[in-house]
Amino acid sequence: MIQSDKVLDAKGLACPMPIVKTRKMMKDMEDGQVLEVQSTDSGTTADLQAWTESAGHQYVGNVKEADVWRHFVRRAGQEDQSQKEYPVTVHNDQLLEQLQHPNAVLVDVREEAEYAFAHIPGALSIPLGQLDERMAHLSKDNKYFVVCRTGNRSDMACRKLVANGFECVTNVIPGMSEWNSETENTTGGMNK
Amino acid sequence: MRTVQSSEVAKRVIAKESLFILDVRNEGAFEDWKIEGEQVRHLNVPYFDLLDGIEEIEDQLPKDEEILVVCAKEGSSIMVAEILEEAGFPVGYLSGGMKAWSEYLEPVKIADLKSGGELYQFVRLGKGCLSYMVMSGGEAAIIDATRMTDVYLDFAAQRGVKITNVLDTHLHADHISGGRQIAIATGATYWLPPKDAEEAVFEYAALEGDTFIQIGDTKIDIQALYSPGHTIGSTSFIVDDSYLMTGDILFIDSIGRPDLAGLAEDWVGDLRESLYSRYKKLSEDLIVLPAHFMIIDELNEDGSVAEKLSVLYEKNHGLNIQDEKEFRELVTDNLPPQPNAYQEIRQMNMGKIEPDEETQREMEIGPNRCAVR
């Protein structure tokens, strides 16, 4: 099951309606939230990808079930543009080596849908919005590496963890947007 | 707002009339293929960038000329045309969008035949495909039919001729053949080169060199001429001793590519042999009628795509490469991208898969890419 914050049923609608409705619904969503767009019009895929890029949002991916495409679109928000402040970082290139450490834990703080379409094998999914409540279950003895799409959400997550007493926390930059090594897809669909 | 049919656009393109197109598909789709013509000007702005209004593009639009809004299927173009109309622009939209454009065939008369009868070329402007109907003595033959079979059936019915023979010069990889369907609908004989049709799962008549097919009482011979190169079975026809139907071996401004069945290295020799030796032995006065055109410049004034063989030997670059190694490089290196879904199209043309109409449309989307220049 791929998680989303809202679902738009655009089944049976022809172009331009799927995009018109997606656009309207995205306006009412919060930054960082994920919208699932269900569509039966084959033209929607290319148009949604082009529209999200033009509007500055993120096309996460799609899965096709029978005749219905399920598209996942994430509303880009301020955390995508914020300055990186957290000083301890590791570059993508060095990450796999660093993860060899016996206590190393990789935390992926992107939305669950983003994680589902492509993540580094073994990464633990904790969306940034859930970090406050879920960090209670994390052992402070581990060595944490935090990754997101571009290093900004993970920067914020690193600061939260340190403020809550975690001592060994590293931000992975630039993050999944430029990750070229192996990924896992847990949707059964394609990844963009 | 005016509803503009593909037939009107085709006639305007052929007449080289001025035409301003606002194409509201996404940029990738526009770059892949669009309506082309000598006097056609385009502005490409995706419809989703115009939902808040057209202010940003207003100064790029003509005020004294009708704007033709075009999209994939027509829905978005109607929406954008409404916005333009409200802003006071003279505007029309393309009925059925690029889908309809891709399927439109413009019949152009090539000639009255010596032995009585007529020869028509069907120009598929949106895709660059050319097909033919030879009519004589109440009978007709169709060559390299597209999947829009109704066009040929209606045309034959209007002329009162019975379709007796349907031929494909080769197994097509860029578009779906309507040949078999027409044969089923009319009881005509469907001819295919057997070397291309080894995996075909239906009955067909073997079209090989030195086969003569007669159309009507007035004896219009269609003589088959084995000319491999684009595919191993590619066969040309000579109609009425005057017209050389070259299929995808020789075009007006380019030559066939040998790689669409995955065997460029093997077939380049055949291609050279066909172009530089077999065709050379034919009369230079033959009029070449290919199965495709690549660029709109290949159209004659009347919209036809036809040229004397002697002129092609003079002007077509692909026929004028004396060095064999250079020729080999031209047709095996730097080939254009392969046509959309060409493997599925081959499967379909052999009868191995039978996708629904919507899927067939999708398979044919995009430009034709059968040639090397």
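Which are the buried residues of helix H10 (residues 342–349) of chain B? That one is picked up in the first view below.

This is a predicted model, where local features need pLDDT of at least 70 and side-chain atom pairs count only at pLDDT 80 or more, while totals for chains, interfaces and linings use all residues. Residues are numbered from 1 along each chain as its sequence is written, and chains are lettered from A and ligands numbered from 1 in the order in which they are written.

**View 1. The buried side of H10 in chain B.** The buried residues of helix H10 are Ile345(B), Arg346(B), Met348(B) and Asn349(B); buried here stands for 20 or more other C-beta atoms within 10 Å of a residue's own, exposed for 12 or fewer, and partly exposed for anything in between, with C-beta atoms placed from the backbone. They sit on the same side of H10(B), because they cover an arc of only 160 degrees around the axis. That arc is taken from the directions from the helix axis to the C-beta atoms. An α-helix has 3.6 residues a turn, so residues three or four places apart point the same way. What the buried residues of H10(B) pack against is helix H11 (357–364) of chain B; contact, here and below, requires C-beta atoms, placed from the backbone, within 7 Å. After H10(B) comes Gly351(B), with a positive phi near 80 degrees. Helices (H or I, at least four residues) and strands (E, at least two) are DSSP runs, numbered from the N terminus.

**View 2. Chain A meets chain B.** On the chain A side, 13 residues take part in the contact, and chain B brings 15 residues. Helix H1 (17–27) and helix H2 (44–55) of chain A each put in at least two residues on the side that touches chain B. H2(A) gives the most to that side, with 5 residues. Sorted by class, the chain A side has 8 nonpolar, 3 polar and 2 charged residues. Nonpolar means Ala, Val, Leu, Ile, Met, Phe, Trp, Tyr, Cys and Pro, charged means Asp, Glu, Lys and Arg, and the others, Gly among them, are polar. As for confidence, the predictor gives the complex an ipTM of 0.77 and a pTM of 0.84.

**View 3. Two domains in chain A.** Chain A is assigned domain 1 (6–76) and domain 2 (79–178), with bounds that come from an automatic or database domain assignment. Taken over C-alpha atoms, their centres are 27 Å apart. Where the two meet, 8 residues of domain 1 are in contact with 6 residues of domain 2. Strand E3 (58–65) and strand E4 (68–74) of chain A each supply at least two residues of the domain 1 side. That side has 4 nonpolar, 2 polar and 2 charged residues.

**View 4. Two cis prolines in chain A.** The peptide bond from Cys15(A) to Pro16(A) is cis, with omega near 10 degrees. Pro16(A) belongs to the loop between strand E1 (6–10) and H1 of chain A. The bond from Ile173(A) to Pro174(A) is cis as well, with omega near -5 degrees. Look for Pro174(A) in the loop between strand E9 (169–173) and strand E10 (190–191) of chain A.

**View 5. Two domains in chain B.** For chain B, the assignment gives domain 1 (2–101) and domain 2 (105–372). Their centres, over C-alpha atoms, are separated by 32 Å. Here 10 residues of domain 1 are in contact with 9 residues of domain 2. Helix H1 (6–14) and helix H4 (97–103) of chain B are the elements that give two or more residues to the domain 1 side. H1(B) has the largest share of that side, 3 residues.

**View 6. Positive phi away from glycine in chain B.** Lys16(B) is not a glycine, yet has a positive phi of about 55 degrees. Lys16(B) lies in the loop between H1 and strand E2 (19–23) of chain B. With 14 other C-beta atoms within 10 Å, Lys16(B) is partly exposed. Glu74(B) also has a positive phi, near 125 degrees, and is found in the loop between strand E4 (67–70) and helix H3 (75–86) of chain B. Glu74(B) has 22 C-beta neighbours inside 10 Å and so counts as buried.
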